Amino acid sequence: MYIRNMESEDYHEVSSIINDWWRGRNMSLPRLFFEHFQNTSYIIKEDNKIIGFLIGFLSQSYPDEAYIHFAGIHPDYRREGLGKKLYQLFFGEVRQHGVSKIRCITSIENRKSIAYHTQIGFKIIPGDKTVEDIRVHSDYGGEGVDRVLFLKELKGK
């Protein structure tokens, strides 16, 4: 098993597996993430197959912030600390660029993501509406598409 930076060629393999990893939910990632954010995005491979990935980038608008767009671990490899390794690599890389805040979002339906992010130190940014005891941001992902927003402040640059 090894971890490396993402490459453009990873697009097809990741695109072919994410719907299965999310139990048939229709997930998609534009190729641009694989081409333009390689220095802050990672792939975990075992036996020449992708078993995990994280796509993140430095904010163009807020120099002290970075954003994690998508992360996933193959269902058979969850709870082995691989997600944490990816997040730690990302935190280390963006910290070198003066970043002290990491942001990400998820859907209210993705309870595992909400639990995971709060477990590793992300705080939910309270939104304008409560859904199932969580303060969400209305229409954040488009009309009728509410999202849970997270923030993690990195300690010591």
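Let me begin with pairing: two strands pair if DSSP finds at least two bridges between them, and strands here are DSSP runs of E with at least two residues, while helices are runs of H or I with at least four, both numbered from the N terminus. What we have is a predicted model, in which local features need pLDDT of at least 70 and side-chain atom pairs count only at pLDDT 80 or more, whereas totals for chains, interfaces and linings use all residues. Residues are numbered from 1 along each chain as its sequence is written, and side-chain values use heavy atoms, with hydrogens and water left out.

With that in place, the picture is an open sheet of seven strands in the order E1-E2-E3-E4-E5-E9-E6, and its pairing is mixed. At the edges sit strand E1, residues 2-5, and E6, each of which pairs on one side only.

Let me turn to strand E9, residues 148-153, where five of the six residues are buried, so the strand is largely enclosed by the rest of the structure; buried means under 20% relative accessible area, exposed over 50%, and partly exposed in between, with a 1.4 Å probe and protein chains only. Strand E5, residues 101-106, pairs with E9 in the antiparallel sense over six bridges, and there Thr 106 stands opposite Val 148. Strand E6, residues 123-125, is also antiparallel to E9, over three bridges, with Lys 123 opposite Leu 151.

By contrast, strand E4, residues 65-73, and E5 pair in the parallel sense over three bridges, and Tyr 67 stands opposite Arg 103 in E5.
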